[in-house]
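Subject: Structure handover

Hello,

Here is the structure you asked for. Please open it alongside this email; my notes follow below.

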Amino acid sequence: MFRLFANARYDFIKWRKWAYGLSALLIVPGFVWLLISPPNYSIEFTGGTQVQIATLDHAIGAAQIRAALDAGGLHGAEISSYGADTAFMIRARLGETNSGTQQASDSTMRAVRSSFDRGLGPTKYKVMKYEGIDGKVGKELQGKAFLAIFFSFFVTLAYLAIRFEWRFGTAAVLATAHDILTTIAFIKYMNLEISLVVVGAVLTMVGYSLNDTIIIFDRVRENLRKFRRQNLYDVVNLSINETLPRSILTHGTTFATTAALAILGGEVIRPFALVMAFAIFTGTFSSIYIAAPILMYIEKRWPGEDARGARILTSPMAMPAAGAAAASATQPKAAKAAPPTPSPAR
Amino acid sequence: MKTIRNRLILIGALFLVAVYAIVPRSTQVKQLDPKSGQMVVVTERLVPITLGLDLQGGVHLDLEVDQSQGPVPDCKDAIERSEKVVRTRLNEFGTLEPVVQTTGNCRLNVELPGESDPERAKRIVQQQAHLEFRITDMKNLFRDALPGIDKALHDAGVRGTGNAGPSNTVSQLFGADSSKKKGAKAAPDTTNNSAVFSSVLFQGQLPGEYLVPVEQTHLVDSLRKMTAFQTAMPRGIDLFWSTDSVVRGAREYKYLYAVESKAMLTGDELEKATARRDPVNNHSVVQFDLSRRGGRLFADATGRHVRDYMAIILDTLVQGQPPIINDQIGAHGQIDLQSKPLADAQDLALVLRAGALPVRLAIVDEQSIGPTLGADAIHDGIRAGAVGVALVILIMGIYYRLSGLLAVAALALYVLFTLAGLAIFGFTLTLPGLAGLALSVGIAVDANVLIFERIREELQHGKSVRLAIDEGFKHAMSAIVDSNVSTALTAAILYLVGTGPVQGFAITLIVGIAASMITAIFVVRTFYMIWLQRRPDMTTVSI
């Protein structure tokens, strides 16, 4: 039996301030950038017409396609290559005033076809995929996705409040909110298009990150029962270390499948896989450096029944004396019977 | 605690149910044959997991009740009735397994897997197919009302463009027929500007027939929308454009017909419609038969209107030139599509047979995906998924050795159960769904990893193999249950609040979580029990 990181004793919590800084470094510039330039929404959200073509001649590039479109009177279309060098995505968005009529989309498609027939030749290209979407459908989708995330927070909060305690629930939800923010920033940095598939990835990320936080919190809950006199700082650190082999393994297998999807899965899946790959990092990071410190902070502000939060940040070295003092204040008899140990001896 | 035998029976039963749920099979279905009109037994192949359009190609349409020309009060009822009509049409359309369903907000969702002609599909779905027979304005009520209309428009502040055509109201474009001209007593307005409407109108050959220069049709349409125009229109008369246009001199004109508001008969009474080519003039025609009641009504109505002209109006367009009624017309008739291809006539016959849509439907979302794109997507998706799963097997096998391979065996069951669950829920597998499934394999091992790590911890604490396994399963349980239940709750919310793709994703997640809990907790536990029973003296475990 070989184990990675078995019996690890890293002081994760010590680095929390650095971790906050790292998060801020990721989130703040991303959102400032978002304020300056709006996110890149896919056609499902904006409405418009999108045509994917495959050219049957390698010599045809984006320049020829643009020339053909310009000659046909379609100016300002976005042309991007899509995977292979013969595949192109052409997009013409409907203007704001043209409040999403099918006629507009139909005529755009006809204009695209006729300009290609003239500019490239009818046998030189093939329409692979065509989409025409009314903008209002996208607005509904956007609203519903946000509503869903919002509601799921409440349900998670309620469930964790019942199974654990409200302090745990709040910390888990805040950590997940952090992950959503970092993921949005990541999407902006990578200049990924926000499509339904990407929204699906963000939703998967919410579940994944929550899952990871709960695994660590479950261990914290167990260790809190096991080491009744232990400092919360140590209990949290111990719990993270104890679950470390599991984290490495699970994140490893998930990352392996995600990487396979990103590299081999094709153009449609790649954005999903990229977001998920990032989600694995941010979910793991936030479970350790965001959820756990927030739990400690909440315990300190609003101490639980055993008032452990009040001595969260006592240094581990000075622990025995401080711990004994605090313990003797609350439960003098128990403190005498079982003196607290700085590290769990088994 | 159940014995190993009971556990194996249960796993076997689950396995059989899952296999039954996902294996394609053929069933005999009695179906109405549209050609002969008789019930015939058809063998239908049921494929339990339908592939989404992004995987097999096809046409997707989202339609909404068109409220641009005035609000529709009960759009839910309208969309439900439309659904029936569209379904009837598509069953004859020839696509395999068309999907027609209503979704939320009075929306109709149509999927035509494998269909490669989106234009034709759109016509079939969207055509209202509202057929009417109306007598043209034989008494020239409309023409007599023209001065009134012009005045009303003038009073409403409409001014002509200045360069509008001739100054007299209704000019006789074809000149000759003076008998009709005597009716045209609409006094020519001296000012060009005040005759804004009638100045673009020219008298046609038939009573109620007018011609409008093609470039002026927009002007006429915008004028017709004004309240002043509508109140000045003579009662009992409606205006309809024709499908036809004519070139006179250098200009092209479109026909506009004034017809009676009351229809003699509507397409509701239509019973049969077939397309064929007229051998005489080689025109495409749609022949129709009326029901017995419809035939009687039609014979009565046409009997009263002998020598009158009858406009055949399909979806607010007069089809060709209105024919004269020479005699009573019975239960048979035809619509002449002239030189249009026979395929168009066949489609028209199809939509007429299926009946009219109660409302106009507007397309709000359409996608058409070529079949090769779908094949490529499946190829890429499966390759990536296979590599990902192979990596998971490798990691688990190396790290946990024999126990890891037990987990992998359970993982195979996991994939089977998940697919079966999706088949039972009638879920459509899309490309993102495929990606989600591959990813869920990576996540599904989490439950096993939690258990194995726990067993290792217990072993490290010096517990015996048997006890360590028991304790490992017991202690890992709370983490597995809590993390999975909260994820499942999130997914349930997504299902309740989300739409289409988001809902599909939520179902995949819930089914995956259930399958992963069953396999990791129950199946792997059973494997261990068998293992321990065979080697009761086991002191070390391969983990």
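Predicted model: local features only at pLDDT ≥ 70, side-chain atom pairs only at ≥ 80, totals over all residues.

Residues are numbered from 1 along each chain as its sequence is written, and chains are lettered from A and ligands numbered from 1 in the order in which they are written.

Helices (H or I, at least four residues) and strands (E, at least two) are DSSP runs, numbered from the N terminus.

Chain A first. Helix α3(A) covers residues 62-71, and A:Ile65, A:Ala68 and A:Leu69 are buried in it. These buried residues fall within an arc of 95° seen down the axis, so they line one face of the helix. The arc is taken from the directions from the helix axis to the C-beta atoms. A:Ala63 and A:Ala71, on the other side, are exposed. Buried means 20 or more other C-beta atoms within 10 Å of the residue's own, and exposed means 12 or fewer, with C-beta atoms placed from the backbone.

Now chain B. Strand β12(B), residues 251-260, is mostly covered, with seven of its ten residues buried. Strand β10(B), residues 209-213, runs antiparallel to β12(B) and is joined to it by five bridges. Pairing requires at least two DSSP bridges between the strands. B:Leu211 sits opposite B:Tyr255 of β12(B).

Strand β11(B), residues 237-248, also pairs with β12(B), antiparallel over nine bridges. Here B:Phe240 is opposite B:Tyr257. Two residues separate the strands of this hairpin, where B:Gly249 has a positive phi near 65°.

Best wishes
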